[in-house]
Amino acid sequence: TLPQLPEVVADMVMLQRLTGARPGEVCLIRPCDVDTSGEVWLYRPESHKNEHHGTDRIICIGPKAQDVLRPYLLREKTAYCFSPVDSEKRRRAVAHANRKTPLAYGNRPGTNRRCKPKTRPSDRYDVDSYRRAIHRAVDKINRQREKQDDGKHLERWAPNRLRHTAGTEIRKT
């Protein structure tokens, strides 16, 4: 699924797979919540599932996960690391680079956007938008396989499976 995901969502998937974090915790990560002073980084989410019990949640981020997260820490400290706005900018840049019509013809970049769109990209992914992005990628793969008469369809999967897979691997070691 990773090659069909937007780059930002693919990085979210890799980070979650490497850390075993909950999907909501990956969506809420901000540079100010990550302690990068040690060899293993520590992420303390601003909110988490069991905070009403008065417990702290600390997620360890090892070297592989640090490589995934590092470029996203180079932003404002209180901004969310994984943003649909960034993903949309990258998508538009790729579409512009793959443009077949010369710039002198057709629409100039940015001129065919709506002044008041019904929806705008949020400043962060939430669990539902994260899951929908994964489902769209799986559906895209399945459409490609239908055209090839491969017959093998991928099952739609949700981000929580990554947490369960990480937990299973940790228990095996």
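Val34 is buried, with a relative accessible area of 10%, where buried means under 20% relative accessible area, exposed over 50% and partly exposed in between, with a 1.4 Å probe and protein chains only. The model is a predicted one, in which local features need pLDDT of at least 70 and side-chain atom pairs count only at pLDDT 80 or more, while totals for chains, interfaces and linings use all residues. Residues are numbered from 1 along each chain as its sequence is written, and side-chain values use heavy atoms, with hydrogens and water left out. Val34 is found in strand S1; helices (H or I, at least four residues) and strands (E, at least two) are DSSP runs, numbered from the N terminus. Leaving aside neighbours within four places in sequence, Val34 is in contact with Ile29, Trp41, Leu42, Tyr43, Ile61, Leu69 and Leu73, contact being defined as heavy atoms within 4.5 Å. Between Val34 and Pro117 the separation is 83 residues in sequence and 34 Å in space, C-alpha to C-alpha.

The protein has 6 helices and 3 strands, and from the N terminus on its elements run α-α-β-β-β-α-α-α-α. Of its 173 residues, 32% count as buried. The C-alpha atoms fill a box of roughly 60 × 45 × 30 Å, taken along the principal axes. Among the contacts with a separation of 6 or more, 63% are accounted for by residues 24 or more positions apart.

Two loop residues were examined alongside Val34. Arg30 lies in the loop between H2 and strand S1 (34–35) and is buried, with a relative accessible area of 15%. Not counting residues up to four places away in sequence, Arg30 touches Glu46, Lys77, Thr78, Ala79, Tyr80 and Cys81. Asn107 is found in the loop between helix H4 (84–97) and H5. With a relative accessible area of 46%, Asn107 is partly exposed; under the same exclusion of residues up to four places away, Asn107 touches Arg99 and Asn112.

Helix H1 has 13 residues and reaches 18 Å from its first C-alpha to its last, close to the 18 Å expected at 1.5 Å a residue; the expected span of a helix is 1.5 Å times one less than its number of residues. The buried residues in H1 are Val8, Val9, Ala10, Asp11, Met12, Val13, Leu15, Gln16 and Thr19. The cover over these residues includes H2, S3, helix H3 (63–69), H4, H5 and H6. Gly20, whose phi is positive, near 75°, follows H1.

Helix H5 (residues 127–147) has 21 residues and a reach of 31 Å from first to last C-alpha, close to the 30 Å expected at 1.5 Å a residue. Asp126 caps the N-terminal end of H5, with a side-chain oxygen 3.2 Å from the backbone nitrogen of Asp128. A polar contact is a pair of N or O atoms within 3.5 Å; within protein, one must be able to donate a hydrogen and the other to accept it, and residues adjacent in sequence count only if both atoms are side-chain atoms. Ser129, Tyr130, Ala133, Ile134, His135, Ala137, Val138, Ile141 and Asn142 are the buried residues of H5. An α-helix has 3.6 residues a turn, so residues three or four places apart point the same way. Helix H1 (7–19), helix H2 (23–27) and helix H6 (160–172) are among what covers the buried residues of H5. H5 is followed by Asp149, whose phi is positive, near 55°.

Cavities and pockets were located on a 1 Å grid over the protein atoms alone: a cavity is a set of points where a 1.4 Å probe fits but cannot get out, a pocket is an open set with protein on both sides within 12 Å along at least five of seven lines, and lining residues have an atom within 4 Å of a point. Grid points are joined across faces, edges and corners, and a volume is the space filled by probe spheres set on the points. The count comes to 1 cavity of 30 Å³ or more, and the largest cavity has a volume of about 40 Å³. Its lining consists of Leu15, Thr19, Ala21, Glu25, Val26, Ile29, Tyr43, Ile59 and Ile61, with at least two residues supplied by each of H1, H2 and strand S3 (59–61). This lining divides into 7 nonpolar, 1 polar and 1 charged, where Ala, Val, Leu, Ile, Met, Phe, Trp, Tyr, Cys and Pro count as nonpolar, Asp, Glu, Lys and Arg as charged, and the others, Gly among them, as polar.

The largest pocket has a volume of about 1,100 Å³. Of the 32 residues that line the largest pocket, Pro84, Ser87, Glu88, Arg91 and Pro121 are the closest to its centre. The largest share of the lining, 10 residues, comes from H4. The lining residues divide into 13 nonpolar, 5 polar and 14 charged.
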